[in-house]
Amino acid sequence: MNADGRQQVVDPVPDADAEDAVASDRGGSGGKRQMPDWATSAIRLVLVLVASLVVFGLLLVAKGANPIDGYRAMWESVTRDSTAFGDVLVRAVPYLLGALAVILPARAGLFNIGGEGQLVLGAIGAMWAADALNQSMSRPVTLVLMALAGMVFAAAWAAIAGVLKLVAGTNEAISTLLLNYLATLLLGWLVFEQWKDPGSTGFPRTRALTEVETLPVLFGRVHIGVPIAVLVAVGVWAFLKYTAWGFQLSVLGGNPEAARRAGFRTGMLSMGALAAGGAIAGLAGMLHLSGVESNLRPGIMVGYGFTAVLAAWMVRQSPIRAIVSSFLLAAIAIGGNGLKISEGLSAAAVNILMAILLLAVLGWGVRPGARNT
Amino acid sequence: MIEAIAIGAVRGGTSLVFAGVGETIAERSGVINLGCEGSMLVGALAAYAVGIETGNPWLGALAGVVAGIALSLVHGLLVLVRGANQIATGLAVTFLGLGATALFGQSYVSQGVEPFDTWAIPGLSSIPFLGPVFFDHDPLTYLSFVLVPAAWWFLFRSGSGLKLRAAGERPGVLGTMGVDARVSRWIAIAVGGGLAGLGGAQLSTAFARTWSENMVAGRGFIAVALVIFAAWNPVGILVGAYLFSGAVALELELQARGTDVSIFLLAAVPYAVVIIVLSLLSRRRKFAAPESLSTVFDTSVVRV
Amino acid sequence: MQRNHSRAAAVLIAAGLVLAACGSDDDASSEPVTSEGEAADDAASEGTTAAASGDACGTGATKVGFIYVGSKDDFGYNQAAYEAAQEMGEAVGVEVINAENVPETIDDAVPVMEDMIAQGATALFATSYGHFDAAVAVAADHPDVCVVHQGQFESSLDAPLDNLGTYFSSVFEPVYLAGIAAGTVSESGTLGYVYAFPIPQTLENINAFALGAQTVNPDAKVIAVATASWCDPGKQAQASQTLLDQGADVLTQHQDCTKTVIETAEAAGAYSVGYHYDASALAPEGWLTGSEWAWTDLYTDIVETMIAGEFVESEYNGDYRFGFRNVDAPFVAFAPSPFGPAVDEETQALITETYDKFFVDEDGDGIGDFSVFTGPLADRDGTERIPDGVTPSYEELDGFFSEPWFVAGVEGSLG
């Protein structure tokens, strides 16, 4: 997938310039070979996709279900009408932004598995801002402030892991993971006790957002978070590619020793990357609250943070291609409804398909020489 | 109250001990496996299902081990043969376990298993405090008492353990001696998966005595966190597992006593304890980490 | 699993093991199942005509969708709803499509219901408390589809919808009756309650359980601990152990999956009281009794009303809160489970007697006069919560518990 030569050297930064590599591939850099790089890559990806579908189908057979019917049910759940397609787009938003929250720290060599918690904190922050503003501002101002609050809350949450790493050397993969459980309980505390809507006679949720606190809708249930998420993906790509900070992050991720010798403030860089990742996840939490759920309630976005990790790694941390992977995973997730209803299978079974896809991509998605060794 | 918490610590901690010791062995060889959660899930289901089909919880536990190993081999294949990123692979393996158990476990939700009974050890179980805390449990809990020193001895006193640790510390040196670090790692991954499976089996057939979707509920991830806490030492795992589970028991105990604190804040206690203790110990722990493992977290792969 | 409830609509079922058995026999013989099938056919043909005129939602429905928050085999809330849905399908002659494990968020539940509508369902049941907002959203988008929700109040909306309904029954009276059994058999006088979250329904149950037990043992106490999860068996096991260690010799629960608590109690030689569903098979020794949902008749009547095109003007279009004590209620959707061996004849008789008291309606308002929550009722700190002379109606009761409180004798954190 990378441009010529890059895959021969030890590539410290997984697929650092993958998207421009795609561009240069198109420019014919693979001309020395009989088949251009993009073609072999594409064939490889198609094979990976097909193999994953076959393996999942075999598991359905083992369960006693008809895989053809299963796939048809999934396909119909996703494609039956614009509403279904819209549901996929809406679901892809937290997956994509959650993936970007993984990708940005990963450039600095940090593993953020705290997307779950950061998404929740984003929603909490947005709700807090909405309450604080109390409809005193116009809709755009309210929404922007809600987004900012969500981003700040989630960035601060992620920064806990950053601080622990900086001060105590605590591994961030573990601390972000543990923080997820605390975030869920914090949400429970808020919706069951602190922020419970008094009008709901004990129903565990906050009040519903009002008009000025709700995202504008493009069509059906598709809110403007969808294009925003895509813009953020492009922004992250540009940031990593064109800014000094982006460069420093890549150096840090590739060779921490070199980064230190170059005089980078590595601690602050790591911290910044984690916090920035958290902020992006927090934006997703705000968009999801304001665009979809309206009330803060228990169980909001459960599992999305983990799925986002899959989305990030499925495309080897390319911000641009994460748009595709999150859409694909969202389609699988929504397609799972079809399995659930028509085939009576557990919707969680689609986790298998997501997992196999990622495993196939991780193991066989690229030429052996281009692997991240 | 202290006794009740201590009993709760051991009862609830056993599944974590199995999974944590397994993960310790895997990480000692230089491989981190977040698929631990998935291995616990498949172990829990396999033990439950086989326990139901055969009526014998021991066969169930064996099936749990086999299932845990089977899933961990997927991790091994990706990481050792295909050179994939360990953390991403581990997470995907957990998703695989979650999905597979949701798919195949559906029909077992309604069935009851013949569970492991409690074996009070004659004599010992009547010792004040120690008796109820340590000697009034299901047989798998006793097995965990044996496992911890055995794993310690294996890792730090046996020849194979030395090779396994060398695979985690200096795989290159091992290579010059004509020993393939990968063999040690394959074995370590399999043992880790098997023990995680056994932990799941303990959860479903001895402790909670039920199967429900995603019933492991993060215990496998906690086990991975405990490994750092324990400085890659099985004895530390025992301490950490009992600390976590003791914190759960404490939380419930505080609730039962009507402590004037929100149940959500109380429920956060065990996780907060792990994070805080981990942070307090992390500086020291860094030096205890198997060397090739330290590269894992740099989003890279096993270096052989 | 032995189920003791009548399939006949519009007949009051007596409950309790003995009573229920007699009741269903009588009802079943007086109104054979076949006649229901015909009734359904009639309704369906009427429905077709109504559909042609194209007025009400769900008219002539042939497919009914049900969503559940948990597994249909959870020995609990979801299994009770699932089985009733299948029985309704057979009784009415409609196809029932199901989706288990549907999370209580708009994002998850709405697409599932949309999918069901796309598959031809024109009547939907959202069976969990937290599915309410999703049910409202779907109802608003699909005026031709009847959506009913189990647990919340439609009246809480600013603008009620024609095609939306909410229904629920009361659950705490049978829990109170079970409390009598628990208070009688308990030697320690300490009863354990494993619950999930402090919501009104749960708090009502815990308090009712304690009040029931205190009728036979004034010193009886209930220790309540929360797991902060509707189904985390590991945490349930640990919570059960905590309660047993505290001296509880009867365990009960408000969880969606109920096996762990019952099995743990049984293994420890303690008694257990079931909830949501008859799980007596899990605990042959220690099972006392329980309270279970019996939704079949209600589901059947709701669906038949929809098919006939009469949903909009029916009582189901709104808050249908029929309580246990509704003397002339067409359905008793909540019933005590069978008694276990530990409950002696005397106690059974006492429970039956108390059961009957619930239906004595001297003021003739259709609701039994004896209520578990008649004021004055103070919380455990002595603050008056329900004033003297006040008996909250079913509609009002949740409001009294929107701030959590426990009666004297209930121990456990409230936050």
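Student: What percentage of the residues in chain B is buried?

Tutor: Happy to start there, with a word on conventions: this is a predicted model, in which local features need pLDDT of at least 70 and side-chain atom pairs count only at pLDDT 80 or more, while totals for chains, interfaces and linings use all residues. Residues are numbered from 1 along each chain as its sequence is written, and chains are lettered from A and ligands numbered from 1 in the order in which they are written. A residue is buried if 20 or more other C-beta atoms lie within 10 Å of its own, exposed if 12 or fewer, and partly exposed in between, with C-beta atoms placed from the backbone. For the 304 residues of chain B, the buried share is 65%.

Student: Why is chain B called as compact as a globular protein of its length?

Tutor: Chain B holds 14 helices and 2 strands; helices (H or I, at least four residues) and strands (E, at least two) are DSSP runs, numbered from the N terminus. Its C-alpha trace spans about 60 × 45 × 40 Å along the principal axes. The globule rule is 2.2 Å times the number of residues to the power 0.38, and the radius of gyration is taken over C-alpha atoms. Chain B counts as that compact because the rule gives 19 Å for 304 residues and its radius of gyration is close to this, at 19 Å.

Student: Which helix of chain A gives the most to the side that touches chain B?

Tutor: Two residues are in contact if their C-beta atoms, placed from the backbone, lie within 7 Å, and 46 residues of chain A meet 46 residues of chain B in this way. Helices H2 (37-63), H6 (139-168), H7 (172-194), H12 (304-314) and H14 (350-364) of chain A each supply at least two residues to that side. The top contributor, with 12 residues, is H7(A).

Student: How do the residues of that side of chain A divide into nonpolar, polar and charged?

Tutor: Ala, Val, Leu, Ile, Met, Phe, Trp, Tyr, Cys and Pro count as nonpolar, Asp, Glu, Lys and Arg as charged, and the others, Gly among them, as polar. On the side of chain A that touches chain B, the division is 31 nonpolar, 12 polar and 3 charged.

Student: Which helix of chain A gives the most to the side that touches chain C?

Tutor: That contact takes 34 residues from chain A and 31 residues from chain C. The side of chain A that touches chain C divides into 13 nonpolar, 13 polar and 8 charged residues. With 5 residues, the helix that gives the most is H13(A).

Student: In S4(C), which residue is the bridge partner of Leu124(C)?

Tutor: S3(C) and strand S4 (residues 146-150) of chain C run parallel and are joined by 4 bridges. Along S3(C), Ala123(C) and Phe125(C) point one way, Leu124(C) and Ala126(C) the other way, and all are buried. In S4(C), Ala123(C) partners Cys146(C). The partner of Leu124(C) is Val147(C).

Student: Where in chain C is confidence lowest, and where is it highest?

Tutor: The score here is pLDDT, the predictor's confidence in each residue, from 0 to 100. Chain C averages 83, and 84% of its residues score at least 70. Over residues 1-53 of chain C the pLDDT is below 50. The lowest mean, 34, belongs to helix H1 (residues 17-30) of chain C, and the highest, 97, to strand S3 (residues 123-126) of chain C.

Conventions
Two strands pair if DSSP finds at least two bridges between them.
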